Amino acid sequence: MSSESVIDAPATEIRASRRRFRRWGILRSTTATVGLAIILIWVVLAVLAPVISPYPPNEQDYLAMADPTPSWGHWLGTDNLGRDILSRLLWGARTVLTVAPLSVTVAMIVGITMGLLAGYCGPIVDAVISRISDIVLSFPIIVLYVILIANLGPSILNIIVATTVASAPGIGRIVRGLVLELRTQEYVAAAKLRGESALYIMLVELLPNCRGPLIVDAALRIGYTTITIGLLGFIGLGLPPPNPDWGGMAKDATAMISVWPHMAMFPCLAIVSLVLGFNLLADGLKDLADR
Amino acid sequence: MTTVIFPSASNAPMAGGEALIEIRNLRVEYGAGDHRIVAIPDLSLTIRRGESYGLVGESGCGKTTAAMAIMGYLGRNGFATRGSIQFEGEDLLLATPARLARIRGKRIAMVYQEPSASLNPTMTIGRQLAEVPELHDGLSRAAATQRVLDVLADVRMPDPEQVVRRFPHQLSGGQQQRVVIAMALLAHPALLLLDEPTTGLDVTVEAAVLDLIGLLREKYETSLLYISHNLGLIATTCDRVGIMYSGEMVEEAPVIDLFRKPTHPYTRGLLDCIPDLASDKRTRTLSSIPGQFPLPHERPSGCVFGPRCGDFVPGRCDQHPVPLEPATQSHLVRCLRWSEIEPKPAVRVSTYVEPEAMAPILDIDRLSKSYELGGMSWSRNSVSTVKANEDLSFSVRQGEILAVVGESGCGKSTFAKVLTGLETATSGGIFFANQDIARRAVHQRSQEVKRAIQMIFQNPDSTLNPSHAVDFSIRRSITKSGVRKGAAAIAGRVAELFDLVRLPRQFQKRRPDQLSGGQKQRIAIARAFASEPRLIIADEPVSALDVSVQAAVITLLLDLQARDKTTMIFISHDLALVRHVADRVVVMYLGRVMEQGRVEEIFSPPYHPYTEALLSAIPIPDPTKGRGRRVRLTGDIPSPVNPPAGCRFTGRCPRKLGEICDSVPPPEHKVSSTHTIACHLPLDQLVEVTSVIAAE
């Protein structure tokens with residue numbers, strides 16, 4: 001045996017720098033950076049809402065009711081009950097930014113479990129889980145929400161349950177597809193040969209390799225869920241009043257939209273900007289992963 | 001960049017024949033701005049009319065880039081920034097895209113490595129082939145079709161009338177490659193570029209395709225640029241050879257000179273890495289080239305091969321770019337010291353210690369594994385059975401290396417899966433440690449059996465989990481098997497294993513994507529040895545590696561195996577490698593054992609007719625020896641679905657006796673106590689066969 005050395009520091013260092021998803025790698029994509037900035041602005045505003053919001057969200061300013069349009073006293077105007085729209089948007093951001101990530105997290109846990117089981121545990125488990133998913137996915141999503149929330153009653157918990165039921169099958173399909181491909185990798189066979197359990201292989205060998213597509217999907221889904229929450233508020237299935245809720249604010253303003261369009265416009269802009277932030281982030285992450 | 005014009009291949013005197021294509025001082029760069037990578041700094045080469053030129057090098061040396069530059073296919077981020085490519089009186093680098101497109105189809109054609117990617121899956125073979133003469137020669141549809149049928153007959157395609165109506169997926173890999181070659185020849189090109197045209201094919205099919213290329217070259221008077229990493233193929237197909245290393249031509253010579261008097265240290269190194277049929281692990285240790293290929297942006301100053309060269313002189317070799325000098329009139333070499341370096345005879349000393357005869361530890365008894373296809377269909381009749389393994393019987397003794405040899409579809413990988421418990425057998429027995437484990441999947445096996453049987457996989461890119469550091473699975477294997485207890489003892493064992501596979505201990509926390517293919521395969525070997533197994537199954541462990549790395553990994557594997565007296569089952573399609581590695585060999589074809597015996601018995605007569613063809617197909621990296629007796633198989637390996645009732649090899653056997661071969665399973669002839677051949681031919685006829693390997 002020749003006393004060879006297989007070290008070549010420079011070559012491997014360069015390869016190391018090509019790795020995707022480095023800690024601050026996200027900043028290499030302008031799209032993702034802009035998206036992340038929009039989201040962070042909303043997060044900061046929501047966290048600081050008790051400090052920076054000029055009025056309590058439900059306080060009525062009867063003097064402003066005569067002319068609710070934007071003014072020095074109320075930068076974004078007030079609604080028809082004299083409540084400051086800016087303050088309500090800031091407090092409403094707290095709701096959206098808690099409920100949307102929370103429901104996506106729950107949906108992810110359920111969906112990943114379904115996907116791992118369907119992809120790894122053989123054709124029978126796969127058939128059962130996939131058929132259940134097909135049934136859920138064949139419902140129009142709006143109908144599904146209406147049925148669920150109308151029966152369970154509007155509350156944060158029930159919104160989470162409803163979005164989980166609607167999203168988990170989609171997440172499950174993504175994970176199942178990835179697992180079906182990853183399970184044929186040689187490192188999975190190596191894990192079996194050293195006697196690892198199925199649970200261990202699913203969680204330690206397979207799941208970490210699904211993270212790229214799942215991170216992108218999560219960002220997209222938080223955006224969708226923001227829309228869903230707004231939508232539920234708009235059709236009257238959101239959080240019960242007087243909680244500030246962006247969708248609910250838009251709904252309350254519809255009657256006045258021809259006279260005072262700002263009452264509906266600002267909550268809608270808030271929803272649009274936040275969703276845009278998440279979508280840009282998802283797009284950017286996807287680009288980074290494909291690079 | 002220095003402006004010195006080095007003597008180039010084009011300045012070398014021509015041994016007759018005018019130049020067809022002349023590449024002069026070509027520089028190819030990829031990327032833009034700060035991220036420019038120089039793939040080829042300065043390349044010159046000339047191919048004459050009717051000549052076959054071989055371009056050899058390991059992956060990443062720029063040989064494919066050179067071909068792509070000729071074709072004008074460098075892509076959006078590739079640029080030929082300097083030099084010229086003169087072809088039939090015009091510079092291809094200056095040609096307009098329309099002019100290039102015209103030249104490409106008509107005067108220059110290319111055959112790529114992956115035939116299935118070169119064919120349009122939505123068109124019939126006939127239609128896509130007929131497009132070529134219709135487009136380039138303006139032939140009518142009928143005339144084009146006739147021309148297609150003629151060329152398909154030329155490429156020895158059986159039954160061309162049927163083939164033109166089929167779609168690409170209905171053909172085998174070998175047939176697809178014939179179609180691609182036919183497509184390239186349809187326009188009667190003056191130059192045919194072949195980029196690793198047989199890499200994906202089985203040995204016997206490869207041999208037939210190579211013969212075909214040789215024949216067609218004469219008939220069509222085409223010049224060839226043959227790109228390959230396999231020196232054996234180049235030796236059998238080319239007139240002149242250029243060796244590339246890190247984007248530079250390091251040596252160029254007529255094929256006989258190159259193999260008889262290799263002058264550049266890299267060429268010598270490459271030739272020493274290749275296992276040959278005349279020696280084995282008892283008589284020779286494969287040498288390897290230390291270190292690694294430099295990436296394009298970290299090319300050393302001076303000689304690019306310097307850091308890996310045994311004859312490197314600091315202060316001399318690393319100063320200025322080394323020119324390509326003529327060693328003889330037609331032999332160019334890029335080395336300052338070529339005239340000083342004495343050719344060292346290849347190391348023929350082996351460190352191998354013969355294991356003493358041991359008791360069998362593994363007994364395979366009439367093992368069969370079949371899969372049912374179409375089981376989900378409603379009709380019972382549509383169920384067909386693939387007999388992946390049938391009636392395998394042999395035993396393996398402690399400490400020996402048993403090679404299982406065969407082409408794709410012979411069932412060697414299925415056998416590995418059944419043995420390790422990733423699949424279970426349909427019938428028969430595997431007796432290991434006094435128990436039958438044939439029907440037990442890995443999770444049903446005892447802890448002791450699991451620990452004792454480990455495997456080394458084929459693909460370095462999929463053998464390690466990209467989400468974990470490379471020591472993760474080694475650590476886990478030690479913990480699970482319980483061969484060491486306690487964090488300190490386990491850490492110590494991991495470090496020890498890294499030392500054993502000659503990787504620096506600092507590599508433990510690296511990610512797989514920070515290691516090269518050879519390094520990943522070393523980790524996989526460390527993982528297999530981690531649980532101190534008694535039996536290791538190595539499934540094509542080096543087939544994905546470059547030659548110089550392959551030799552080092554094989555030597556390492558042999559060292560470890562001999563040191564621990566581990567039994568090994570070595571699965572491979574590479575017979576030269578098997579000759580080097582194995583103690584005993586089992587030759588399989590379509591799920592059945594054709595022949596088994598000690599390695600020297602398999603490689604000398606009497607042969608099974610299939611073994612004979614396999615051995616004859618091995619490309620020998622030495623054109624001076626000439627070929628041994630030539631045995632070529634017709635057709636491709638048939639599908640293992642519903643194989644013939646008699647001998648599995650009957651359809652392609654050049655020595656077929658008659659009807660008996662189709663209907664009656666062949667008897668087993670005992671040639672010696674260790675050597676059996678399953679064939680209907682009487683033993684005395686088999687014994688009369690002469691060797692197919694050219695004598696030394």
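Buried means under 20% relative accessible area, exposed means over 50%, and partly exposed lies in between (1.4 Å probe, protein chains only). The model is predicted: local features need pLDDT of at least 70, side-chain atom pairs count only at pLDDT 80 or more, and totals for chains, interfaces and linings use all residues. Residues are numbered from 1 along each chain as its sequence is written, chains are lettered from A and ligands numbered from 1 in the order in which they are written, and side-chain values use heavy atoms, with hydrogens and water left out.

Start with helix H2 of chain A, residues 30–47. Helices (H or I, at least four residues) and strands (E, at least two) are DSSP runs, numbered from the N terminus. H2(A) has 18 residues and reaches 25 Å from its first C-alpha to its last. That is close to the 26 Å expected at 1.5 Å a residue, where the expected span is 1.5 Å times one less than the number of residues.

Which residues of H2(A) are buried? They are Ala32(A), Gly35(A), Ile38(A), Ile39(A), Trp42(A) and Ala46(A). Seen down the axis of H2(A), they fall within an arc of 130°, so they line one face of the helix. The arc is that of the directions from the helix axis to the C-beta atoms. The face turned away from the buried side carries exposed Thr30(A), Ile41(A) and Val47(A). Among the elements covering the buried residues are helices H3 (49–52), H4 (85–120), H11 (246–253) and H12 (262–290) of chain A. Contact here means heavy atoms within 4.5 Å.

Now turn to chain B. Four strands form an open sheet in the order E14-E13-E16-E17, with antiparallel pairing. Two strands pair if DSSP finds at least two bridges between them. E14 (384–397) and E17 (435–436) of chain B stand at the edges, each with a single partner strand, so one side of each has no neighbour in the sheet. E13(B), residues 360–373, pairs with E14(B) over ten bridges. Leu362(B) stands opposite Val396(B) in E14(B). Helix H12 of chain B (412–420) lies across E13, E14 and E16 (427–432) of chain B, at about 115° to E13(B). Axes are lines fitted to C-alpha atoms, for helices over the stretch in contact, and angles run from 0 to 180 degrees between N-to-C directions.

Another open sheet of chain B has eight strands in the order E6-E7-E8-E3-E9-E10-E12-E11, with mixed pairing. The twist averages 20° from one strand to the next. Helix H8 of chain B (203–220) lies across E3, E7 and E8 of chain B, at about 160° to E8(B).
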